[in-house]
Amino acid sequence: MSHGSLPVAAALATAMAGLLLAPVPAAAQTAAKATSPTKAWTSPRTPDGHPDLQGIWSNATLTPLERPKRLGSKEFYTEQELAELT
């Protein structure tokens, strides 16, 4: 391949990748059409217009927010280590 055709090949490969990665609706998403107009859902708002976040919120979780330093770069537990943790 000559050096002159390299940019053309790169442009063609980029265009093909763009076409292959473009979002396309699945058949099931396009088959059914709404027969009656429905009002779109809107999130509840407070009187001053901010999102209404009232409710019961909890931060009770076993998942730590930060990775423990003792794990270092370890990615996975062994079966034995997992059994010791549970």
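Let's start with Leu 85, which sits in helix α3, residues 79-85. A helix here is a DSSP run of H or I with at least four residues, a strand is a run of E with at least two, and the numbering goes from the N terminus. Leu 85 is exposed, at a relative accessible area of 52%. On that scale, buried means under 20%, exposed means over 50%, and partly exposed is in between, with a 1.4 Å probe and protein chains only.

Before I go on, a word on the model: it is predicted, so local features need pLDDT of at least 70 and side-chain atom pairs count only at pLDDT 80 or more, while totals for chains, interfaces and linings use all residues. Residues are numbered from 1 along each chain as its sequence is written, and side-chain values use heavy atoms, with hydrogens and water left out.

Back to Leu 85. Together with Tyr 77 and Leu 82, Leu 85 forms a nonpolar surface patch of about 290 Å² accessible area. Patch members have over 30% relative accessible area and no salt bridge; nonpolar side chains (Val, Leu, Ile, Met, Phe, Trp, Tyr) are joined within 5 Å, and like charges within 9 Å. The areas come from the Shrake-Rupley method with a 1.4 Å probe, and for residues only the protein chains shown count as cover.

So which side chains meet in a salt bridge? They are Lys 74 and Glu 81, at 2.6 Å, N to O. The term asks for a side-chain nitrogen of Lys or Arg within 4 Å of a carboxyl oxygen of Asp or Glu. Lys 74 is partly exposed at 31%, and Glu 81 is partly exposed at 26%. The structure holds 1 such bridge.

Now the whole chain. You'll find 3 helices and 0 strands. Of the 86 residues, 1% are buried. The accessible surface is about 8900 Å², with 64% belonging to carbon and sulfur atoms.

How confident is the predictor? Mean pLDDT, a per-residue confidence from 0 to 100, is 80 for the chain. Helix α3 has the highest mean, 89, and helix α2, residues 27-31, the lowest, 58.

Last stop: His 50, in the loop between α2 and α3. His 50 is partly exposed at 49%. Leaving aside neighbours within four places in sequence, His 50 is in contact (heavy atoms within 4.5 Å) with Pro 44 and Arg 45.

Note on methods. pLDDT is the predictor's confidence in each residue, from 0 to 100.
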